Amino acid sequence: MGSYMVKRIGIAVPLLIMISFLTFVLINLSPLDPAVVVLQAQDIPEVTEELIAQTNEKLGFNQPFMIRYLHWAASCLQLDFGVSYVTGESVWLTIAPAFLNTLKLTLVSSVFIIVMSILLGVACAMREGKMMDKSVRGIAFFLTAIPSYWLASIMIWYFSVHLDLLPTSGMDSYRSYILPVIVLTISYAGIYFRTVRSSMLNQINEDYVLYGRASGLSEKKITMHILRNSLQVAISIFAMAIPIILGSTVVIENVFAWPGLGRLSVKAILSRDFPIIQAYVLIVAVAFVFFNTISDIINAAMNPKLRKDL
Amino acid sequence: MNLLEVENLCIWDAGTNETIVHNSSFHVKQGSCLAIVGESGSGKSVTCRSLMRLNKAWIRQSGDIRFKGEDVNLLSAKEMRKKRGKELCMIMQNGMRAFDPSCVVGVHCKETLGAHFDWSKSEMEAKMKRAMESVMLKDPISLLNKYPHQMSGGMLQRMMIALALVFTPDLIIADEPTTALDTISQYEVIEQLLLLRENMGTSMIFISHDLGVVRKIADDVLVMKDGEIIERGPINMVFTEAQHEYTQYLVSTRRALSHHFKKLIGEEL
């Protein structure tokens, strides 16, 4: 198991290098001249050739591409993502608190999403084709089909404005979490519980379940075995769900005015604040690699057969 | 005395209303081995699972199944569970898939034995060890700590036989226990099953479509086709004076195959 972990983490390293390179290339493919963007962002009234040349010199834009990449990559390793073109502040200091806020929302939601998905998935699989299974699937289908910004607005109107129970927006106390977490849970648990349900159903028809029953094991024990094996699929999906939510809270953050990464990135894109966009893309990509690695390691711990595949 | 008496057993799919087994009646004498032969889909496995009430929820059954004089259909779920393993023991076709792939095989042994007996851990281990040694599984303790994928199909099959040895059930249902194995493992497993019968006098239902294996182990044979029993009788009678043309066909195919095989061997020598 130890050697598997080392190998698996080893694989993540070249992946991270590739990601950082691609991020840098993609941002640099933008047709805009970064020097012009910087000058415009600083409200310089007249952008002259001379000013552009000066800025290029000052910020190192005129150096060869690979040199610029290596400089950027080296400073990223020290969590130095440069300074914002717009505010002139450190990107790390701007993005870190926003990232933390989004991470909090994501993790809290993920816990609810995972718990709900497993509970509903197991309950439905155990009663396949019965009333409960059908109605839960029907309701979940209906709820996931609702666009989350609409659901969020309706909830704000009902719970915050009409009943005045919860804050409409912001991130002041634990009460601020309730509505966004509910909306996120509804949109994601409705999808993921189906995965749990179908992988449970796949396992129910396996021979080991029949043999367990034929040997007189209790239904409780058998369910634990089924769950253990079907969770392996679910764990990979849940682990990937966390970065997916992390990267797609834009809508929810805007509706609930959540001071997070999603809102920050939209603002950065609109004002063409390249360093922030670059850092944002990199952080989300690193989150994917991180959670993917974690899920592989958990799966290998649960299923020794997987350890041999590396 | 008959250990198991089955009368007018009907099995059907409640979803499609399709009858899987028509009105079959048979019995297993104390200490004897009944083979059920037939092609896949003929209803052999479903019949055996119905004896343990292990078919899927939508597969329904009617008729009398008397095991040691008790009607199996009337038992509560809990009483039925107590009988499974301890009195009615199943040996599955594919050993590779019969154990939970993410647990070591010892976990299954511990859980199933724990479900029926109040043995301490060391007692369990000692009994398992003895049983495993008697089915020629070497180094039992380390085997118990292996995952199914680290063992061969034949080993896992013998593992199931070892468990049956510990349980000493009244009836063993072996559902094609040799089909998934290569010839050498087949031979070993059959040897173990024969020994098991010899030593414990256990009755057995042996499902197979391999007439050669059946001839070695069984006392009586049922031939099933499309959910019906078309031929029954002592083993030698079925082989020599089969009444139904399907049985005759099965026996003659078997002869032709072995004839061909002998010819091949003869020519090579």
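Predicted model: local features only at pLDDT ≥ 70, side-chain atom pairs only at ≥ 80, totals over all residues.
Biologist: Let's start where the chains meet. How many residues of chain B are in contact with chain A?

Modeller: Begin with the residue counts on each side. Here 28 residues of chain B are in contact with 24 residues of chain A.

Biologist: What is the area buried between chain B and chain A?

Modeller: About 2,300 Å². Then ask which atoms supply that area. Carbon and sulfur atoms give 59% of it.

Biologist: And how many salt bridges are counted between chain B and chain A?

Modeller: The count is 1. The partners are A:E206 and B:R97, with their closest N and O atoms 3.6 Å apart. Look also at polar contacts. Between chain B and chain A, 9 residue pairs are in polar contact, both residues being at pLDDT 80 or more.

Biologist: Which elements give two or more residues to the side of chain B that touches chain A?

Modeller: There are β6 (88–91), α3 (95–98), α4 (105–116) and α7 (153–167) of chain B. Of the elements, α4(B) gives the most, with 6 residues. Now sort that side by class. It has 14 nonpolar, 7 polar and 7 charged residues.

Biologist: Is A:D164 buried or exposed?

Modeller: A:D164 is exposed, because its relative accessible area is 61% and the cut-off for exposed is over 50%.

Biologist: Where is A:A257 found?

Modeller: In the loop between α11 (250–255) and α12 (261–270) of chain A. A:A257 is not a glycine either, and has a positive phi of about 50°. Its relative accessible area is 26%, so A:A257 counts as partly exposed.

Biologist: Now the inside. Which residues have the most contacts inside the largest nonpolar core?

Modeller: B:L4, B:M128, B:M159, B:L193 and B:F206, in a core of 85 residues. The element that gives the most to this core is α7(B), with 10 residues.

Biologist: What does B:M128 touch?

Modeller: Leave out residues up to four places away in sequence. Then B:M128 touches B:C109, B:L113, B:L144, B:M159, B:A162, B:L163 and B:V166.

Biologist: How many residues are in the second, separate core?

Modeller: It has 37 residues, including A:I146, A:L166, A:I245 and A:F256.

Methods. Residues numbered from 1 in each chain as written. Chains lettered and ligands numbered in written order. Heavy atoms only, no water. Contact = heavy atoms within 4.5 Å. Buried area = accessible area lost by both parts, 1.4 Å probe. Salt bridge = Lys/Arg side-chain N within 4 Å of Asp/Glu carboxyl O. Polar contact = N/O pair within 3.5 Å; in protein donor to acceptor, adjacent residues only side chain to side chain. Helix = DSSP H or I, 4+ residues; strand = E, 2+ residues; numbered from the N terminus. Nonpolar A, V, L, I, M, F, W, Y, C, P; charged D, E, K, R; others polar. Buried < 20%, exposed > 50% of the residue type's maximum accessible area, 1.4 Å probe, protein only. Core = buried A, V, L, I, M, F, W, Y, C linked by side-chain atoms within 4.5 Å.
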